[in-house]
Structure formats: C-alpha cells, structure tokens
There are 2 protein chains.
Amino acid sequence: MSANKIVVIGGVATGPKAAARARRCDPKAEITIIEKGDFLSYAGCGMPFYIGGIVKEPNDLMSSPIGVVRDASFFKSVKDINVLTRTKAETIDCSAKTVEVIELSSGEKKKIPYDKLVLATGSNANRPPIPGINLSNVYTLGNMNDAIAIKQALLKAEVNKMVLVGAGLISLELAHAIQELKPGMDITIVELMEYLMPAQLDPEIAALVGKHLKQKGIKLLTSQKVSGFEGQGQVQKVNTVTDTLDADLVVVSAGARPEVELAVKAGIKLGPTGAIAVNEYMQTSDPDIYAGGDCAENVHFVTKKPVYIPMGSTANRHGRVIGDNVTGGKDTFPGVLGTTIVKVFDFNVGRTGVSETEAKKLGYGVTTFICPNPDRAHFYPGHNLIVIKLIADSKTRKLVGAQIVGTGDVNKRLDVAVAAISMGTTVDQLANFDLAYAPPFATAMDAMTHAANSLRNKLDGRAKSISSLQVKEKLDRGEDFILLDVRSPKEYEEARLPYANVKLIPLGKLRERLGELPKDKEIVTFCKLSMRGYEAQGILEGEGFTNVKFFEGGIAAWPFEVDTEKFKEVKTNA
Amino acid sequence: MSANKIVVIGGVATGPKAAARARRCDPKAEITIIEKGDFLSYAGCGMPFYIGGIVKEPNDLMSSPIGVVRDASFFKSVKDINVLTRTKAETIDCSAKTVEVIELSSGEKKKIPYDKLVLATGSNANRPPIPGINLSNVYTLGNMNDAIAIKQALLKAEVNKMVLVGAGLISLELAHAIQELKPGMDITIVELMEYLMPAQLDPEIAALVGKHLKQKGIKLLTSQKVSGFEGQGQVQKVNTVTDTLDADLVVVSAGARPEVELAVKAGIKLGPTGAIAVNEYMQTSDPDIYAGGDCAENVHFVTKKPVYIPMGSTANRHGRVIGDNVTGGKDTFPGVLGTTIVKVFDFNVGRTGVSETEAKKLGYGVTTFICPNPDRAHFYPGHNLIVIKLIADSKTRKLVGAQIVGTGDVNKRLDVAVAAISMGTTVDQLANFDLAYAPPFATAMDAMTHAANSLRNKLDGRAKSISSLQVKEKLDRGEDFILLDVRSPKEYEEARLPYANVKLIPLGKLRERLGELPKDKEIVTFCKLSMRGYEAQGILEGEGFTNVKFFEGGIAAWPFEVDTEKFKEVKTNA
C-alpha cells in the first residue's frame with residue numbers, strides 16, 4: 001500500500017497542527033502544507049501586543065515556546081512535513097483529487113495529488129465599503145503586515161488622533177496597546193450598536209467595561225454609524241451620521257469573514273454563516289476534504305446552532321481532530337461556547353456560553369444574576385473585585401452562560417463556567433464544587449460559589465432582584481419608589497447614587513427604623529455588593545413589606561455616575 | 001405555631017453561616033449561637049499571614065469584606081441572631097432537646113431548649129505526646145491566641161533557629177511567612193513520611209515543591225521521626241531518630257482532630273475517621289441534630305469513602321446546607337474532593353481528587369501524565385511554567401485527580417480540574433473544553449488542554465512514557481539504557497542531566513543521525529517539557545526502534561540535581 005497523501009492548505013494554526021498530529025498518528029504519510037504567505041504558525045492573537053510594544057519583534061510571535069522559529073526547514077527536519085511557502089492553492093479537483101498550486105515568486109504551476117485534503121484557509125478582516133476607506137492611514141488588522149504598518153504609522157510624531165471603528169475585541173485590545181505605545185494619543189472608539197462587545201456581552205456588563213474605558217481616557221461613541229472617511233490622500237476626518245471626528249489614523253475592525261473562495265470553486269458546501277460547513281468529524285460535504293479553523297463553521301455547544309466564531313484556541317483543537325481523522329481516526333469536535341477573554345487596561349473581561357440577550361432572541365427562558373465579589377480573601381493584600389453574571393436555564397437550572405469582568409482574577413472563574421456549561425452543570429451542583437481555597441487565591445466561598453448560590457436564591461423565588469439597568473430605567477421614567485441604601489454612613493459619604501429618592505438606613509438599624517418606610521410603596525434596596533441589599537429585602541419581607549426588591553451588584557456593579565464628592569450633611573443621623 | 005428554635009454550637013465558620021442562612025429561610029425562627037471563645041467568624045486560614053505580617057492585625061481576620069467586625073451586636077442587629085460568647089455548651093439532652101451551657105466568666109449555668117441543633121464545634125490542633133512537647137517555645141497553631149504567641153516569640157532577637165515539625169500545609173505556609181517576617185531565620189522542616197504534603201501529593205510532584213523550598217533556603221528532612229524536644233524550660237534541641245537539631249522555636253503541625261466530646265457524650269455516632277458521622281443532609285444519628293465544618297466527616301466525591309478533610313471552604317458550604325435543612329429544606333451536600341491550594345514562596349501548589357498514591361492503595365486502575373506548560377502565551381511577558389499531573393481512571397477515562405505546581409497560574413487550572421472531576425468528565429471531553437484564550441491569560445491550547453491531550457495519547461497507547469522518579473530509579477539501579485536528550489545544543493549547554501548515559505541529538509537532527517542509536521537498546525528520550533521527547537519517541541518507533549519511551553515533564557519536571565555549569569566541550573558536534 002502506498003503512503004497516505006495528506007495535503008493541507010494553510011500554514012497558520014489549524015494547518016500545522018493538523019499536519020503535526022497526522023504525522024504522529026501515521027509516521028509514513030506524505031504530508032504537505034501549502035501556504036501563500038511567508039509565515040507559518042504565527043500567533044495572530046499577539047498582533048495588538050506587538051503594536052503596543054509588549055511583544056518586541058514580529059519574530060517573537062513566530063517561535064515555539066522553546067524559542068525555535070517554525071519555518072519550513074523546521075517542519076521538514078523535525079516532522080518530515082513538506083512546507084511550500086509563497087505558494088497559492090488555486091483550484092481543487094475533487095474527482096481527480098488534486099490541488100493546483102502556483103508558486104508566487106516564479107509563477108510556476110503544478111498539481112499536487114491528495115488522498116485527504118485539509119482546508120485551513122483562515123479568514124480575512126472585513127473591509128466594509130465605507131466611502132473613503134481606501135485613504136491612506138485607514139487600516140484593518142488582519143495580518144502581520146497590517147500590524148507592522150499600523151505600528152509604523154503610530155510612531156510618527158504627527159499622528160495623534162486615532163479613531164477605532166467597531167468596539168469589538170480588537171479595538172479594545174488596540175486602545176490599550178496604543179495607549180501603552182504612545183500615552184498621549186487621543187483615542188475614540190466608534191460603535192454601530194448600542195454598547196461595546198455587542199456580540200459577546202449583555203448591556204449592563206458592557207457598561208461596566210465602558211466605565212473603565214472612560215476612566216482610562218478612551219472616548220466611546222455608541223449607536224454611531226460611520227458614514228465616511230475624509231482627507232487629502234491621507235485620512236483627516238471620520239464622519240458618523242451625527243458627528244465628525246478628527247483622525248490621523250483609523251483602524252476599522254468590522255469582524256472577519258471566512259476565506260472560502262477555493263472551497264466554493266470546488267463545490268464544497270458552505271453553512272448558513274457563510275463559513276465552510278463541517279460535520280462533527282470536521283469533514284466537509286466532500287468526505288475526503290476536511291476544514292477547520294477560521295474558514296470553518298462551528299456548532300454552538302449550548303444552542304446546537306451553527307455559529308461563526310473564529311478563535312485561535314478552536315483552530316488548534318480543530319487541527320488535532322482533523323489530524324486524527326485524515327489518518328484513519330474517528331475523533332469528534334463537540335462545538336464551541338464562544339469563550340472570550342480580553343484584557344482592557346486593568347479590566348479583565350470574559351464571557352462564555354449564551355448571553356441573556358442571545359437567549360431572549362432565541363426564545364430560551366433564562367434567569368440571571370449579577371454578583372460582585374473579591375477574588376481573594378478580603379484580608380489578603382492585592383485582592384480585587386470581579387463582577388460575575390451567571391445565566392441559567394430557568395427550567396433545568398443548568399448554567400448556560402457567564403460574563404465576568406473586573407480588575408481581579410476573571411480568568412479562573414471563567415474557565416470554571418466553561419467546564420460547568422460543557423458538562424451540563426446545574427447552578428446547584430456548581431455551588432457545591434469543592435473549589436480551591438486559600439487566602440492568596442480565593443475567598444472561602446469562592447466568587448463563583450457566591451454567584452451560584454445567589455442565582456439559586458433567585459431561581460427559588462427567595463431573592464427578588466432587578467438589574468442596574470432596570471433601576472436606571474425606572475429612574476429615567478420618573479417612577480415613584482424608594483432607593484434604600486443599606487450601607488454604613490461612612491460608605492455613603494464616600495460614594496452615593498445621586499438621586500433624590502435615595503434613602504440611607506444602614507442594615508444594622510433597619511429593624512429599629514422600619515417605621516420610616518411606607519409598607520405600600522415600592523422599595524429597591526442596595527448596598528456595595530449585593531449581600532446586604534438581599535438581607536434588607538429579607539428583613540423587610542419578614543416584616544410584612546410586600547413590594548421590595550434589591551438591585552443586583554449594588555454600587556460595585558453600577559455603571560452610571562456615582563457622586564463621590566465628600567459632603568458633611570449626611571442625609572440621616574444614623 | 002411557636003417559632004422554630006435553632007441552636008448553633010460554634011461561632012467560627014459553619015455556625016454563623018448556618019445561622020445566617022436559617023434566618024434568610026425563616027424570618028421568624030429563634031436563632032442562638034453559642035461560642036466558647038471571644039471571636040466570631042474569624043478566618044483561621046489567615047493565621048500564617050498574620051504571623052508573616054501580610055495581615056497586620058488579628059482584627060483584620062475578623063471583619064467582613066466590607067470592614068464590619070462581626071461581633072455579637074452585629075449578629076443581633078443585622079440578623080436578629082442571639083450570640084452568646086464565652087459560653088460553653090456542656091451537655092446535650094437529646095430527649096429533652098436542651099443544651100446545658102455555662103457562662104465562662106460568671107460560672108452561671110442554664111439550659112437552652114432547641115427544636116434543631118447544629119454542632120459546629122470545629123477541631124483542635126493535634127498535640128502529639130512527644131517527650132518535651134510542653135517546653136516553652138514549642139507551639140501548635142490551632143487558634144488566634146497561638147498565632148499571636150508564635151509571632152511574639154519570633155520577633156525576639158534571640159530566636160533564630162526554627163524547626164517546623166510536619167511538612168503539611170501549615171508548615172509550608174509558616175516557612176514562607178516566617179522568612180517574610182524575619183529573613184535571616186534558619187528554618188528546618190522535619191517530616192515523618194518520605195516526602196512533603198504526603199496526604200495530598202504524589203512523590204514526584206512533592207519533590208518539585210521540595211526543590212523550590214531548597215532554593216529558598218529552607219531545609220527539609222524527610223523520613224525523620226521526631227523523638228523528643230530538649231531544653232532548660234525553653235526548647236533548645238529537637239531530636240529525631242537519627243539527628244539533633246538546634247531550635248529556639250518549634251511549631252508542631254500534626255494535623256487536626258475533630259472536637260467531638262460533646263457529641264460523644266450525647267450519644268451521637270462518630271464515623272470511621274473519628275469525626276461526627278452525617279448523612280447527605282448533614283444530619284447526625286439524631287435527626288434533629290446536624291453537624292458541619294471541622295467536627296464532621298465528609299464523603300469523598302470520587303471514592304465515596306468517608307474522609308476527614310477539614311477546610312474553611314467546606315465549612316461554609318456545610319453551613320448553607322444546614323441552614324436550609326433546619327428550616328424545613330432538603331438540601332444535600334455532595335461530598336468533597338480534598339481540593340487544596342497553597343502558596344509556598346513563589347510556588348503555587350494545588351491538588352484535587354485522588355492522588356496516584358491513594359488510587360493504588362484503593363486498588364483503582366489509573367493512568368497518569370505529567371505535563372509542564374507555560375501558563376500564558378510564550379511571547380507574553382511574565383508567563384511562567386506550571387507542571388500539571390492528571391490522573392484518570394484507566395477504564396472509563398474519567399479524570400479523578402490533578403496535582404498542579406509551579407510559579408505560574410495554578411489556581412485557574414486546578415478549578416477546571418475540580419469542575420471536571422465533579423461532573424465525571426473524561427479526558428477526551430476535557431481536551432475539547434472551549435477554555436478561555438488570549439495571550440495575557442493562557443496559551444492557545446491551554447495547559448490543561450495539553451495535559452489532557454497528552455494523557456489521551458498515553459491512554460491510547462500512542463505515548464509511551466515513564467515518570468522522572470522511574471528514570472531516577474533506573475539510574476540508581478545502574479540499568480543500561482540511553483537517556484536521549486533531544487533539545488538544542490544551546491539548551492544542553494545551559495542545563496544538563498549529569499549522567500554518563502546521556503546522549504544529545506537535537507530533534508531536528510534525529511532523523512539523519514539514527515545510525516548513532518542501537519535499535520535493540522532501551523532508549524528514554526526527553527527534552528525541556530515533554531513534547532519533543534514525545535516526538536522523538538514517535539520518530540524512533542516510526543523507524544523501527546522497539547524499546548523507546550520518553551520521560552514525562554523533561555527537565556522542567558526533573559526534581560533532582562541538574563548540571564548548570566557552562567562547559568565548552570559539548571558532547572556532540574550537532
């Protein structure tokens with residue numbers, strides 16, 4: 001029997017991983033990677049860090065953890081894999097089972113036969129047809145050459161005003177990176193939707209990130225469609241439907257679209273998202289052709305619906321499954337949760353599973369809770385706050401999503417949520433996970449345990465609560481209710497909600513001062529985090545008040561203005 | 001109907017939590033906490049940090065996250081819970097349903113009636129009957145008074161030599177704390193068993209922690225029974241069976257034993273571990289009496305066997321379940337995994353589930369893998385190494401245990417393992433969890449994904465490997481085999497295994513230098529982490545070598561001496 005011929009198109013993430021795994025599974029296979037560019041296995045996710053200067057050289061993104069640059073000769077000598085760089089796959093003949101390639105320097109064409117073909121053609125940054133998008137200094141960030149060009153432009157003395165179009169992951173990472181590279185830079189992010197990271201977050205969580213951006217001096221304009229770019233050769237102005245912004249430099253981040261041209265020409269089916277459709281074995285409509293990474297569609301693990309969520313981590317996992325299956329294996333890929341984590345200045349922002357917004361769109365009944373908590377023992381120095389929003393299926397009580405933000409350790413809790421959702425965990429089970437505790441690492445009841453228990457209280461009808469945005473809407477509508485602050489006078493003096501219907505009764509005095517509260521009026525209690533607000537609700541209900549709720553997350557999760565000016569005349573003599 | 005009378009004995013962790021939860025579930029219950037000491041709700045786990053000076057005042061361990069000291073008046077005014085401090089419960093009359101208490105200051109006795117009783121009597125530090133243990137400056141660390149006394153002793157100028165008896169969590173935290181408080185201190189840890197943290201870790205993982213301790217100047221003597229303490233009034237010497245150590249100060253950490261005297265007198269049944277036996281509702285043998293926290297036994301979630309693993313986190317979870325159940329609920333506690341995390345100088349040390357050592361003792365067939373990996377993208381500054389050992393049931397492929405150590409982010413991966421074990425996750429499922437990735441937080445394939453995939457390779461018979469300890473045993477027995485180092489000459493020059501049978505052939509040259517290796521001899525390949533060692537095994541097997549394995553973890557997980565002196569004459573011309 002002659003050797004299994006495996007041809008891989010694409011040399012960034014899925015491709016090399018699939019090839020390397022295939023080699024491990026079949027020492028005798030003939031394996032070839034075709035890559036149109038110069039670079040192999042580079043870490044595209046590192047580009048903003050290169051721009052910011054945290055990563056010094058483009059090459060640092062191309063070496064393996066042990067410092068070996070993974071070029072063609074590395075693949076040949078170590079893995080016995082042939083790599084053709086600067087070589088473009090032009091057509092696939094599915095019946096003859098050949099790929100026609102062109103060597104870009106020489107223009108030479110040849111046909112490469114395959115037994116199994118892997119499409120790992122990646123994605124391209126979207127370049128929306130906005131008038132003026134071809135002016136110089138208007139960029140997208142799709143590859144290393146873009147990153148190098150953006151950095152060069154940034155370093156010019158005359159570049160001082162930057163507009164980032166789109167408030168997604170890349171713009172947020174870039175805002176941070178650019179401020180590190182050039183602290184004085186004027187940076188504005190313009191977003192079409194009502195809030196930042198609209199594909200990932202719910203509005204009240206996004207608002208917390210937005211508040212942090214503002215603290216860091218980044219301007220954020222939401223619900224603003226960019227209508228055009230203006231300038232003499234080089235961009236000078238960004239026009240939105242209502243506004244005009246000065247700009248020396250623009251980076252447009254309008255998402256990515258899968259590179260599917262080759263697949264489409266070969267008659268391979270796309271899915272509803274426009275990416276290549278694959279089954280659980282990562283096989284396309286042609287069973288000898290596999291696809292993975294940014295060119296392929298995924299199934300959402302919770303909703304079971306096709307999604308297009310290109311991620312470096314997914315691309316690598318795809319590669320292993322494909323490597324197995326092109327060498328006779330039967331490995332499966334179970335789908336994705338859309339897990340995302342991003343460092344936005346001092347804020348860590350993570351999410352996984354379905355958001356409340358998505359759930360509502362899909363018609364799922366979900367119950368959510370927003371719970372701020374320190375990430376470590378409150379007596380251990382350096383502890384920081386994280387705000388956890390958990391989203392559970394109201395009927396099954398299974399966790400289906402989580403959004404976690406804050407200056408503390410978001411990373412750990414996010415992956416607990418990932419594991420929990422992946423295994424169909426109920427919030428009741430989650431609450432009793434024997435999570436790691438020692439003062440430098442967590443609180444005795446971990447932040448996730450608290451969040452899960454709070455959500456259990458809500459699911460059980462014990463905790464009656466609304467979100468910060470719902471409170472704000474009530475205020476904006478001028479509703480007649482009492483905002484009952486149950487914190488201490490000292491806390492009140494440090495920071496207050498600036499509304500006339502706020503009344504301060506510290507929790508410790510609440511039982512003796514019940515007479516000050518009307519039993520028939522709506523009362524919304526709150527505190528710094530949520531626990532005293534919840535206790536206050538319990539006390540008032542226990543005393544026969546019938547229209548009481550607390551607002552989730554308290555001051556810690558309040559995304560709007562807080563009055564922090566010290567003043568003497570505290571509203572209460574408590 | 002008269003109010004439900006709930007009496008809680010013990011005011012540290014489980015007790016106040018149970019009482020607070022009971023109040024939330026039943027606003028009308030009469031709730032009383034009886035505490036023999038002065039302190040309520042203090043964080044016992046913070047004591048080493050108080051000694052080290054990271055936590056400044058004992059009071060810092062007693063306030064809530066918002067800075068409120070939780071004293072009796074706090075419990076009364078906020079939670080309407082009566083707290084009797086300096087009050088000792090002397091007897092329980094189970095048929096009359098009363099607790100007889102004595103007010104310690106006045107000597108006054110009274111009987112308190114209950115409908116439901118909660119035993120949260122905690123534990124005491126063991127004080128083994130070693131000759132001389134009552135000399136002054138020989139301490140155990142069981143409560144805040146001990147902590148204060150130890151700190152006072154440490155701060156004396158004449159105290160310079162310290163012996164810590166027992167190499168468990170407390171001694172390791174203390175060694176770190178004491179070196180922070182008094183950097184010049186001579187510290188020796190003496191352990192009866194063969195390696196440190198014997199109740200938690202497997203030997204090759206413990207050896208990595210031991211190596212780190214040594215680097216920090218802490219002496220560790222293992223397999224050494226302490227036979228006595230000597231001195232004139234104050235301790236001066238610690239005698240072991242083979243040695244004598246000078247000591248000005250000794251802290252004996254010989255574990256804790258549950259405080260069960262009251263329960264035993266009342267005829268309440270103990271379990272095989274000597275702690276109070278409870279069912280899944282945390283009910284004792286008397287259905288109106290519940291027990292939780294350090295005085296109660298737990299079920300191990302994996303083995304389903306009774307275990308005694310007192311932990312602050314567990315105590316708090318017990319409290320919630322009990323609070324529900326004494327007010328008519330039916331909540332259950334599913335058991336523990338013995339999750340532990342501890343900061344030992346720059347090393348984070350975590351473990352959960354069953355160890356390989358325990359699994360062997362219990363007769364379980366397990367397969368394990370040791371996998372070092374950076375905790376974040378290798379190009380992101382500040383990334384650090386973590387070494388993950390995963391333990392899976394060989395038949396079901398379910399994860400049953402994990403041990404993770406290193407200077408990197410152990411905390412996150414440990415809790416992923418906790419979640420995975422809790423939900424019966426196979427390593428195949430674990431490998432495809434959509435874990436969070438961005439360069440500041442993880443590698444594209446997270447360290448846990450790598451570890452899970454490596455263990456899959458081993459379970460599938462693809463990876464053939466042995467542990468560092470097995471390699472060392474082969475060396476010590478003088479076996480004839482080749483230790484094939486497949487790293488680069490540069491890495492070899494920086495650090496080498498100091499054995500005559502080491503041969504260097506960099507992975508990239510292996511295919512062309514196969515002729516230098518005998519096909520019939522045993523070859524053990526290795527590299528810095530494990531990946532190239534594994535690749536080398538694959539290459540050699542592909543080329544017809546039949547007796548090849550690699551050693552797991554490579555240099556990064558090698559707990560013995562490494563030759564780091566630079567030398568010119570590299571053993572190969574590669």
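This is a predicted model: local features need pLDDT of at least 70, side-chain atom pairs count only at pLDDT 80 or more; totals for chains, interfaces and linings use all residues.
Contact, in what follows, means heavy atoms within 4.5 Å. Good morning, colleagues.

The helices concerned span residues 410-422 in chain A and residues 410-422 in chain B, and they pack at an angle of about 20 degrees, with axes 8 Å apart. Because of that angle, H10(A) is roughly parallel to H10(B); the cut-off for that term is an angle under 35 degrees. The handedness of the crossing of H10(A) and H10(B) is right-handed.

I turn to a helix pair within chain B. Helix H1, residues 14-25, packs against helix H8, residues 312-325, at an angle of about 35 degrees, and their axes are 7 Å apart. H1(B) contributes B:Thr14, B:Lys17, B:Ala18, B:Arg21, B:Ala22 and B:Cys25 to the contact, while H8(B) contributes B:Ala315, B:Asn316, B:His318, B:Gly319, B:Arg320, B:Ile322, B:Gly323 and B:Asp324. Sorted by class, the residues in the contact of H1(B) with H8(B) are five nonpolar, five polar and four charged. The crossing of H1(B) and H8(B) is right-handed.

Next, the domains of chain A. The assignment gives domain 1 as 5-43 + 60-124 + 257-325, domain 2 as 138-254, domain 3 as 346-459 and domain 4 as 467-557. How far apart do the C-alpha centres of domain 1 and domain 4 of chain A lie? They are 57 Å apart.

I now come to individual residues. A:Ser454 is found in helix H12 of chain A, residues 447-459. Is A:Ser454 buried or exposed? A:Ser454 has a relative accessible area of 16%, and is therefore buried, the cut-off being under 20%. Not counting residues up to four places away in sequence, A:Ser454 touches A:Phe369 and A:Cys371. Its C-alpha atom is separated by 9.5 Å from that of A:Val427, 27 residues apart along the chain.

In chain B, B:Ser530 occupies the loop between strand E29 (523-526) and helix H16 (531-542). Its relative accessible area is 6%, so B:Ser530 is buried. The residues that B:Ser530 touches, with those up to four places away in sequence not counted, include B:Phe369, B:Ile370, B:Pro372 and B:Phe550.

B:Val387 belongs to strand E24 of chain B, residues 385-393, and counts as buried at 5% relative accessibility. Leaving aside neighbours within four places in sequence, B:Val387 is in contact with residues including B:Leu208, B:Ile370, B:Cys371 and B:Pro372. Between the C-alpha atoms of B:Val387 and B:Gln200, 187 residues apart along the chain, the separation is 16 Å.

Finally, a word on backbone geometry. Most residues other than glycine have a negative phi. A:Lys304 is not a glycine, yet has a positive phi of about 60 degrees. A:Lys304 is placed in the loop between strand E19 (298-299) and strand E20 (306-307) of chain A, and counts as exposed at 53% relative accessibility. B:Phe345 likewise has a positive phi, near 55 degrees. Where does B:Phe345 lie? The residue is in the loop between strand E21 (340-344) and strand E22 (347-353) of chain B. B:Phe345 counts as buried, at 5% relative accessibility.

Notes
Residues are numbered from 1 along each chain as its sequence is written. Chains are lettered from A and ligands numbered from 1 in the order in which they are written. Side-chain values use heavy atoms; hydrogens and water are left out. Axes are lines fitted to C-alpha atoms, for helices over the stretch in contact, and angles run from 0 to 180 degrees between N-to-C directions. Helices (H or I, at least four residues) and strands (E, at least two) are DSSP runs, numbered from the N terminus. Angles under 35 degrees count as roughly parallel, over 145 as roughly antiparallel, 65 to 115 as roughly perpendicular and the rest as oblique. A crossing is left-handed if the near helix is turned anticlockwise from the far one by less than a right angle, and right-handed if clockwise. Domain bounds come from an automatic or database domain assignment. Buried means under 20% relative accessible area, exposed over 50%, partly exposed in between (1.4 Å probe, protein chains only). Ala, Val, Leu, Ile, Met, Phe, Trp, Tyr, Cys and Pro count as nonpolar, Asp, Glu, Lys and Arg as charged, and the others, Gly among them, as polar.
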